Amino acid sequence: MKLFQQLLVAPAALGLLATGANAAELNINSVSDYAASADQVTSVTQFSDVYPTDWAYQALANLVETYGCVAGYPNGTFRGNRAMTRYEAAALLNACLDRITEVTDELRRLLKEFETELAILKGRVDGLEARVGELEATQFSTTTKLRGQADFFMGAVKYDDRDECNEEVAGACESDGLNFSYRYTLNLDTSFTGKDRLYTRLRTGNMDNVWTQTDSYLSDAKSGDNTMKVDKLWYSFPIGNEFKVTVGALIENYYMIETPTRYKPILKAFKLGGYGAALGASTGQGFGVQWRQDVDPGDAAFNIAVNYVADGGDGALSNSEKGMFGENTDAYLLSQVGYGNRKWFISALYALKNAQQDDGVTEAKAAMGYSTPTAKNLAHPLHAVGLRGYWSPEDDGFIPTISAGLDFGWADSEYYGNAEAVKGWMVGLNWKNAFMEGNKLGLGFGSYSSYATEIRDRPNGGDQNFAIEAYYDFAVTDNITITPAVFWVDDAKGKDQIDGANKFGGLVKTTFKF
């Protein structure tokens, strides 16, 4: 029994002595009987005259079963209505103090036995307190978490018929030499309420090479000159349990919808189930609303999303023709309706892209050998619809996770050579834990972005293309991954493109996460 328990028992017992009957009322035989039976009762139910309905039943139960210092009479009675003499109170107090002494001696023995272990634990606690104090004094932020990633890229691209390339076409005759570049990313996630999110992405790199050309984009790769800059910036917050609102000063539309694919590609053309008519975009200023059905974890749910982005930074301009809603703003409206869970998902997309039309390629220029425009020379406004979906098997094995996408787009154009109808598709396969635990094998194929199926003043569009890639994520540790990859692109900008558009590429990507 602890010291504070001893202090509680002593005054109570002294009070009993002070208020008990005087010595003249003492029955010596009864006191002897009471004292002699002090260690015989282990449960209040042993008292034949004590019932659960008695007002002091619970108090007696605690004293008997917890402290073991209440006794009755040899005949099994407690005689709760009988007045207590001072001698009987002394006998009760003596029994309680004996128990206190036993407990105190046991505690002393245990403290002595485990003295070394307790000292070690105390030292560890003191050390942890010091480390916590140091972390609190030097922590980055109380509201922000930092996630970093560094990527190394080493590889090359071999162009078909490079010796016959058209030197008048920019980029057509660039070197195929081996190159080594990097990308460095810092992700800052800030929350002020625990449910909202302010996302900031800082990025730098030196990828001003074949990997960031228009027809050779790697997924999420951008040109860089070793300058660190804010690359993405937006804020999202919930409304109730089912709605989320996002406002971004630097954001792309696909961050404001449910991710419609499980395939993470090497080539940008396969990003998001096909980076073309429906989902192709660049960073701008925008806002969006998402609704997701509130269901139990694991259950399938409906979701609806709609958002708007002034693409390419037009929203930050203040001239009369640009800005957030200007006549010539590269505006992009995207909506999504989806249904599924983490194992499978299917969604429909609708996009409206509005921008000043490209004046295309004149017949005179085309006769001089200039390339015929493809889906990159889209007439605007462009309407596009898309389907995206994925399915994952219950267990890892021979059957892969399958992701797929299909896009169609249409528009009217005033200019010769502009695409009036486009199409895109892709299929991506992933095998988790392929060959070794923690590794992943990927295979993707489809059109290289969207391609034109109808071109103004060109009755036979037929502007098709094709690409295929394969890669293997080898997890060296939980934080380091090496990814060798190869790809083939057939007519990157269409069959009417310059000689040399076909290309075979290979690279090794090393990723460090921290």
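Begin with the cavities: the structure holds three of 30 Å³ or more. A cavity here is a set of points on a 1 Å grid over the protein atoms alone where a 1.4 Å probe fits but cannot get out. Points are joined across faces, edges and corners, and a volume is the space filled by probe spheres set on them. This is a predicted model: local features need pLDDT of at least 70, side-chain atom pairs count only at pLDDT 80 or more, and totals for chains, interfaces and linings use all residues. Residues are numbered from 1 along each chain as its sequence is written, and side-chain values use heavy atoms, without hydrogens or water.

Go to the second largest cavity, with about 50 Å³ of space. Select Gly274, Tyr275, Gly424, Trp425 and Ser447, the closest to its centre among 13 lining residues (an atom within 4 Å of a point). By class, the lining has three nonpolar, eight polar and two charged residues; Gly counts as polar, Trp and Tyr as nonpolar.

Now show strand 11 (401–410) and strand 12 (419–432), each of which gives at least two lining residues. Strands are DSSP E runs of at least two residues, numbered from the N terminus.

Next, select strand 3 (residues 197–205) and strand 4 (residues 229–239). They pair antiparallel over seven bridges; pairing takes at least two DSSP bridges. Find Thr200, opposite Leu233 in strand 4.

Move on to strand 5 (residues 243–251), antiparallel to strand 4 and joined to it by seven bridges. Ile239 faces Phe243 in strand 5. Finish at the hairpin of strand 4 and strand 5, with three residues between the strands. There, Gly240 has a positive phi near 70°.

Definitions and conventions:
1 Å grid on protein atoms, 1.4 Å probe; cavity = no way out; pocket = protein on both sides within 12 Å on 5 of 7 lines; lining within 4 Å. Helix = DSSP H or I, 4+ residues; strand = E, 2+ residues; numbered from the N terminus.
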